[in-house]
Amino acid sequence: MSIRTEQDYDSATPALAQQMNLARRACWRIKSYSSESLFKTYASVITDTSANEIDAEAPPPPRDKTKTRIEPQIAPAKRNSSCTSSDWRGMFSKRTLLICALALILGSAQARPNTSAVGVAPRKVSQDIVDAVTQLNLGQSAPIDAVDVGLDPTPSARVPRPEPLKSGDENAKGDEGHKMERYPLSSVDFARVKTPFIIGIWILSASIAKIGFHMTPKLHLIFPESCLLIVVGVVIGVVLYFCTDVAVSPLTPNTFFFYMLPPIILDAGYFMPNRLFFDNLGTILLMAVVGTIFNIATIGGSLYACGKMGIYGESETPGLMDVFLFASLISAVDPVAVLAVFEEIHVNEILYIVVFGESLLNDAVTVVMYHMMESYNEIGLDKIIAQDIASGVGSFFVVALGGTAIGIIWGFLTGLVTRFTDHVRVIEPIFIFVMAYLAYLNAEIFHMSGILAITFCGITMKNYVESNISQKSHTTVKYALKMLSSSAETIIFMFLGVATVNNMHVWNTWFVVLTIAFCSVFRVIGVILLSALANRFRLHKLSRVDQFVMSYGGLRGAVAFALVLLVDENVVKQKNMFVTTTIAVIYFTVFLQGITIKPLVKILNVKRANKRKPTMNERIHERFMDHLMAGIEDIVGKTGNYNVRDKFKRFDNRFIRPLLIRDLKVFLHLSL
């Protein structure tokens with residue numbers, strides 16, 4: 001029988017451990033109360049009792065002195081027809097003692113702990129004990145070993161035999177060549193934290209590079225910060241690829257959309273100038289919706305026509321749906337890249353809000369067109385029916401309006417919650433961050449625009465949260481959002497550089513060059529046409545210089561890269577070529593356009609942003625003009641921006657603010 005240790009019993013499953021415990025109890029009973037000892041003990045008692053009943057004249061049989069145990073004596077004897085009272089008392093007392101002894105021994109055997117070691121049971125046992133063991137094992141799938149209990153079943157699984165446990169010293173002596181290790185003073189386990197440690201090191205390196213970049217005036221004036229971060233990422237990617245075996249998956253779509261993008265968009269939406277945004281909302285929607293659809297149609301059609309002419313090569317010519325899938329993700333302006341570049345060149349507020357607002361609101365068009373083309377690609381061009389096209393058009397309104405509604409609802413809820421935080425000021429920033437993030441995730445649950453949801457959540461909550469939270473909480477929210485968005489931008493651009501260094505690229509020169517050319521040309525054409533249409537309804541016209549900056553500022557970035565990584569390689573065979581082309585377009589827009597836009601803004605004398613806060617006199621005159629223009633619009637019978645704004649403010653002050661703002665009278669007094 002093999003020797004088992006405590007590890008063998010600890011590794012057993014609960015059902016197997018129960019069977020082992022039952023087997024040990026049965027073996028203990030069999031060992032302690034074998035049939036042989038029980039019969040011998042019973043025979044000795046009967047012998048003593050019979051000796052008093054046998055006739056006095058009968059001599060006792062001779063005893064063998066060499067035997068150590070009492071043998072049962074079977075001798076013919078005649079019982080007396082009557083017994084005295086003393087004989088009955090003796091018999092009764094001895095039998096009572098025998099019964100008590102048996103009960104005591106049985107009780108001690110049942111109380112024996114399960115972990116005690118047991119020996120091997122005798123070969124021959126009585127049928128009563130076998131029946132007792134069998135009853136103990138009722139409900140178990142594996143019976144007790146047939147050798148131990150004298151049975152011969154055919155079990156499905158053999159129950160492990162209970163064995164004496166071995167101590168640690170015995171194990172050490174039994175294992176040859178095993179050296180006992182003492183408790184060390186210190187130890188090194190770098191493999192356990194290798195990947196997160198290296199990621200932390202190169203994020204720290206990028207932050208130090210940012211500090212050095214801003215301490216060097218010449219570099220800071222020539223190159224945008226995003227270019228430096230991409231270069232740092234490329235260097236780190238080369239080191240990781242050739243010098244280490246760390247498997248870092250850079251900028252996966254889930255990482256980007258769930259963790260990197262939300263803080264950047266929340267920062268932009270929370271601190272967005274609401275008045276400028278809604279004053280230019282018509283132009284922003286025109287550029288975001290119509291302009292994006294125009295770019296997708298023209299870029300996709302041109303690339304497909306060039307493929308039909310055989311420019312890309314026969315083996316690398318994508319199909320119609322594949323080309324339009326690629327055009328849907330490469331046509332949209334990236335908000336992260338626009339923020340990174342436009343915040344450094346400090347253009348005027350109208351130009352900034354038009355370009356940045358377009359990059360935010362075109363997310364709905366990009367998401368709908370991307371999923372539509374992906375679905376059409378899986379269905380097949382010849383199997384698309386009118387219902388699929390109608391569903392695609394309707395999904396745009398569902399995605400855009402649904403994401404906006406979700407953001408507004410969560411913004412109102414945030415204002416309602418912060419109304420009751422006057423006794424726990426320390427957790428006020430948590431509600432702003434968490435509830436805005438939940439708005440983003442809630443939109444993603446229903447496949448709606450998460451960017452629109454978190455943008456309008458930030459716009460909505462700012463109107464009510466600012467009057468409920470303390471000044472310290474306001475400062476915390478401001479700097480925490482700036483820190484999170486800046487860190488996310490750093491990681492995004494650096495991850496773009498790291499993702500460049502791999503061996504999965506498929507380079508097609510004509511496809512890359514034509515994609516960059518079509519993106520630039522059709523961007524200019526679209527801006528010129530749509531600006532001419534928008535200027536017919538605008539009070540402040542968009543000049544040629546503004547149109548040039550809008551065309552030149554159509555940067556692509558990490559959103560396109562994350563979307564192209566989501567493409568299914570089994571459906572789109574040219575996925576690797578699309579990934580390589582997307583990286584090339586991002587590098588072209590960020591490096592060439594991002595580096596040259598700053599000197600072009602200076603040369604063209606573009607109006608810069610004025611960071612000066614308006615004076616009290618300017619604010620009074622602005623409000624006076626708003627009421628005056630709203631009154632004129634009412635008299636004329638025209639519903640314009642001023643009339644809509646005035647009606648919303650009246651509705652807001654009458655119904656919404658009393659519900660969401662804690663000290664409304666104090667707030668109105670301070671605002672006046």
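This is a predicted model: local features need pLDDT of at least 70, side-chain atom pairs count only at pLDDT 80 or more; totals for chains, interfaces and linings use all residues.

Residues are numbered from 1 along each chain as its sequence is written, and side-chain values use heavy atoms, with hydrogens and water left out.

**The whole chain**

Start with a cartoon view. The protein has 27 helices and zero strands, where helices (H or I, at least four residues) and strands (E, at least two) are DSSP runs numbered from the N terminus. Of its 672 residues, 42% count as buried; buried means under 20% relative accessible area, exposed over 50%, and partly exposed in between (1.4 Å probe, protein chains only). Switch to a surface and you are looking at about 37800 Å², with carbon and sulfur atoms supplying 64% of it. That area comes from the Shrake-Rupley method with a 1.4 Å probe; for residues, only the protein chains shown count as cover. As for contacts (heavy atoms within 4.5 Å), take those with a separation of 6 or more: 81% of them join residues 24 or more positions apart.

**Stop one: a greasy patch**

Keep the surface on and select Val-188, Phe-190, Val-193, Phe-197, Ile-201, Leu-204 and Ile-208. Together they make a nonpolar surface patch of about 680 Å². Zoom in on Ile-201, which sits in helix H8 (residues 194-214). Ile-201 is partly exposed, because its relative accessibility is 39%.

**Stop two: Ser-485**

Now jump to helix H20 (residues 471-500) and pick Ser-485. This serine is buried, at a relative accessible area of 5%. What lies 3.1 Å from a polar atom of the Ser-485 side chain? It's the backbone oxygen of Lys-482. Leave out neighbours within four places in sequence, and Ser-485 is in contact with Pro-263, Ile-264 and Asp-267.

**Stop three: Ala-337**

Ala-337 is in helix H15 (residues 335-345), and with 1% relative accessibility it counts as buried. Show what surrounds it: not counting residues up to four places away in sequence, Ala-337 touches Phe-493, Leu-555 and Arg-556. Try the distance tool too: Ala-337 and Phe-356 are 19 residues apart in sequence and 9.8 Å apart in space, C-alpha to C-alpha.

**Stop four: two loops with positive phi**

Most residues other than glycine have a negative phi. Select His-447, in the loop between helix H18 (428-445) and helix H19 (450-465); its phi is positive, near 60 degrees. His-447 is exposed, with a relative accessible area of 59%. Then go to Asn-605, in the loop between helix H24 (575-603) and helix H25 (616-636). Phi of Asn-605 is also positive and near 60 degrees, and the residue is exposed at 66% relative accessibility.

Technical notes. Patches are made of residues with over 30% relative accessible area and no salt bridge: like charges are joined within 9 Å, nonpolar side chains (Val, Leu, Ile, Met, Phe, Trp, Tyr) within 5 Å. A salt bridge is a side-chain nitrogen of Lys or Arg within 4 Å of a carboxyl oxygen of Asp or Glu. A polar contact is a pair of N or O atoms within 3.5 Å; within protein, one must be able to donate a hydrogen and the other to accept it, and residues adjacent in sequence count only if both atoms are side-chain atoms.
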